[in-house]
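Here is a short report on one protein model. It starts with a pair of charged side chains and then moves to strands, cores and surface.

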Amino acid sequence: MAAYRPGVLIGNWKEDACLEEDRLRDFMHKREQGELLIQKINKLQDNLLKKIQLSVSKDGFVHFGDTVMLLNPDNKSSVENYPGVCGSLTLAINVDEISMYSAKSLQAPCGVSAVKSVDPVGRNSFCILSVDGGAVGEPIRFGQYFGLGTTGGFSDQMANSKMIITHCHTNRSLAVPRNFWTRSYFGKEYEVICHTYLDSHKAEEDKNYWEIVTGNPSDEDGTMIHRPNPQPRRDQKE
């Protein structure tokens with residue numbers, strides 16, 4: 001058998017070298033364009049978890065184009081029935097692992113869940129969109145249809161007050177049962193459904209109540225959740 005020195009090239013060495021060079025060029029091109037899988041995942045994660053500044057309501061109403069959070073307030077019944085499920089929850093985008101690994105950006109429609117975090121980030125902050133031609137900046141009327149975008153005769157909808165959100169096609173109310181879990185890319189979260197829960201008086205239960213949360217005008221990084229309630233003024237007697 002003939003012996004070869006270490007520097008001798010055998011087999012399809014030329015083809016292998018050209019193939020390796022092509023792979024390296026392809027890798028460098030994708031990296032420059034931000035098309036590597038790890039780059040896509042990091043960019044999507046950064047967008048979903050980055051801090052968001054909510055719109056400030058100067059007139060007390062919610063407007064088309066506002067950036068807000070949807071909050072399911074803490075309620076006494078949830079603590080009594082499910083001791084481990086207490087505190088306020090916010091509506092958030094739920095992204096599965098397949099979407100995280102395949103998409104450059106969020107694809108609509110996408111799933112939602114309820115999370116314990118009440119700090120506004122990309123996941124749980126939404127833009128109020130008009131579905132019937134309402135202009136940006138126009139207040140939302142009671143009973144008016146609207147959409148949620150990821151980041152005459154009717155009264156305006158008040159911001160930071162309890163409300164019922166009804167699904168247009170099923171006429172069922174958005175709810176957080178608080179006794180069902182769902183697993184997302186971000187971990188264990190609460191399931192969000194469309195179901196109207198009625199008590200013995202045929203009134204909606206706390207599971208169906210939401211608040212459209214806006215920014216705190218006295219703190220650009222805060223929300224109205226964190227703003228202390230005004231204290232009643234007491235007249236001092238000398």
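## A buried salt bridge

Glu 189 and Arg 123 meet through their side chains in a salt bridge, at 2.7 Å from N to O. The term salt bridge needs a side-chain nitrogen of Lys or Arg within 4 Å of a carboxyl oxygen of Asp or Glu. Glu 189 is buried, with a relative accessible area of 6%. Arg 123 is buried, also with a relative accessible area of 6%. Buried means under 20% relative accessible area, exposed means over 50%, and partly exposed lies in between (1.4 Å probe, protein chains only).

This is a predicted model: local features need pLDDT of at least 70, side-chain atom pairs count only at pLDDT 80 or more, and totals for chains, interfaces and linings use all residues. Residues are numbered from 1 along each chain as its sequence is written, and side-chain values use heavy atoms, leaving out hydrogens and water.

## Other salt bridges

The count comes to five salt bridges. One of them joins Lys 207 to Glu 205, with the closest N and O atoms 2.8 Å apart. Lys 207 counts as buried at 17% relative accessibility. Glu 205 is partly exposed at 24%.

Lys 30 and Asp 26 form another salt bridge, at 3.7 Å from N to O. Both lie in helix H1, four residues apart, about one turn of the helix. Lys 30 is partly exposed at 33% relative accessibility, and Asp 26 is partly exposed at 39%.

## Strand pairing

Helices (H or I, at least four residues) and strands (E, at least two) are DSSP runs, numbered from the N terminus. Two strands pair if DSSP finds at least two bridges between them. Strand S8 (residues 181-184) runs antiparallel to strand S9 (residues 187-191), joined by four bridges. The two form a hairpin with two residues between them. Thr 182 stands opposite Glu 189 in S9.

Which strands pair with S11? Strand S1 (residues 67-72) joins S11 through three bridges, antiparallel. Met 69 has Val 213 in S11 as its bridge partner. Strand S6 (residues 162-164) also pairs with S11 over three bridges, in the antiparallel sense. There, Ile 164 stands opposite Tyr 209.

## Inside strand S11

Four of the five residues of S11 (residues 209-213) are buried, so the strand is largely enclosed by the rest of the structure. Glu 211 lies in this strand. At 18% relative accessibility, Glu 211 counts as buried. Its contacts (heavy atoms within 4.5 Å) include Met 69, Leu 71 and Lys 162. Glu 211 and Lys 162 are 49 residues apart along the chain, yet their C-alpha atoms are separated by 4.9 Å.

## Nonpolar cores

A nonpolar core is a set of buried Ala, Val, Leu, Ile, Met, Phe, Trp, Tyr and Cys residues joined through side-chain atoms within 4.5 Å. The largest has 22 residues, and Leu 91, Val 176 and Trp 210 have the most contacts inside it. Two or more residues each come from helix H2 (37-49), S1, strand S2 (89-94), strand S4 (126-130) and S11. S2 gives the largest share, three residues.

Key
Lists of a residue's contacts leave out its neighbours within four places in sequence.
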